[in-house]
Amino acid sequence: MEEATANSSDGRSVSSEAGASEEFTREGPTDISAAGGDIVLPYEPVPFVDMDRFIGKWYEIAKIPNRWQANGSLSTVIYCRNPNNGKLRIVSRTFVDSRRSEHSGRLWVHDQEKCSSYKCQFLWPFTGMFWILHLGEKENYGYCVIGDPSKTNLWILSRTPTLEDYVYEKLVAQLEWQGYNTSKLVITPQSEDLASYKDEDDDFY
């Protein structure tokens, strides 16, 4: 299947595949242009997340800026598990003025049956609750959206540095229907070169 990379109208690097199709885990109108302003979708985490499929490296496609994360480029987040005791860890990285900024924290799954909400602690004693709102259907999920109960924080993540344009537009539309102010989303500059890049300390455990 042929794949091409281009820049979208909002400045993102997007990839497209001839004849590509992607199933969405959240219901909503499939015709974005026909969606009315009175559509409301339930705001809750996805029903279930397989953490073995979810852990690993994600590339930040867009986010709502927050107080603790630098607005850099080539940003990634890595979820990893200690093979000895199963404890989870999260590592957030970005580059600001060509210098790497990195923060790591502890992660606790809030609902062990669903595994779609978790608490995260980057700085003791402060913790935050986060929800996994959307997931792709690929073996490693392909893309995901992370938010929080207050609708203050939001990240759109992908397993690759680019995300198909139609997938991004569908996610943004669904987030609007769920009550998010998506006009606050800021695109994170990425590079296709990162797809084959691996830091020597990517394996944190």
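How do the residues of the lining of the largest cavity divide into nonpolar, polar and charged? I opened the notebook with that. The model is a predicted one.

**Entry 1: the cavity**

I searched the whole structure for cavities of 30 Å³ or more and found 1. The space in the largest cavity comes to about 30 Å³. I listed the lining next: Gln69, Ala70, Ser92, Arg93, Thr94, Ser101 and His103. Strand E5 (88-96) and strand E6 (99-109) are the elements that give two or more residues to this lining. E5 gives the most, with 3 residues. Then I sorted the lining by type. I got 5 polar residues, 1 nonpolar and 1 charged. That settles my opening question.

**Entry 2: cysteines**

I looked for disulfides and counted 0. Cys80 has a relative accessibility of 10%. The cut-off for buried is under 20%, so Cys80 counts as buried. Cys115 also counts as buried, at 11% relative accessibility.

**Entry 3: salt bridges**

Side chains of opposite charge can pair when their charged atoms come close. How many salt bridges does the structure have? I counted 4.

I took Asp52 and Arg81 to begin with. Their side chains meet in a salt bridge, at 3.3 Å from N to O. Asp52 sits in helix H1 (residues 51-54) and Arg81 in strand E4 (residues 73-81), so this pair ties together parts that are 29 residues apart in sequence. Are the two partners buried or exposed? Asp52 is exposed, at 58% relative accessible area. The cut-off for exposed is over 50%. Arg81 has 30%, so Arg81 is partly exposed.

Next I looked at Glu60 and Lys63. Their closest N and O atoms are 3.4 Å apart, and they form a salt bridge. Both Glu60 and Lys63 are buried.

**Entry 4: a network**

I moved on to Glu102. Glu102 forms a salt bridge with Arg100, and the closest N and O atoms are 3.5 Å apart. Which residues do salt bridges that share partners join into one network? I found Arg93, Arg100 and Glu102. Glu102 is partly exposed, with a relative accessible area of 31%. Arg100 is partly exposed as well, at 41% relative accessibility.

How values were computed. Residues are numbered from 1 along each chain as its sequence is written. This is a predicted model: local features need pLDDT of at least 70, side-chain atom pairs count only at pLDDT 80 or more; totals for chains, interfaces and linings use all residues. Side-chain values use heavy atoms; hydrogens and water are left out. On a 1 Å grid over the protein atoms alone, a cavity is a set of points where a 1.4 Å probe fits but cannot get out, and a pocket is an open set with protein on both sides within 12 Å along at least five of seven lines; lining residues have an atom within 4 Å of a point. Grid points are joined across faces, edges and corners, and a volume is the space filled by probe spheres set on the points. Helices (H or I, at least four residues) and strands (E, at least two) are DSSP runs, numbered from the N terminus. Ala, Val, Leu, Ile, Met, Phe, Trp, Tyr, Cys and Pro count as nonpolar, Asp, Glu, Lys and Arg as charged, and the others, Gly among them, as polar. A disulfide is a pair of cysteine sulfur atoms within 2.5 Å. Buried means under 20% relative accessible area, exposed over 50%, partly exposed in between (1.4 Å probe, protein chains only).
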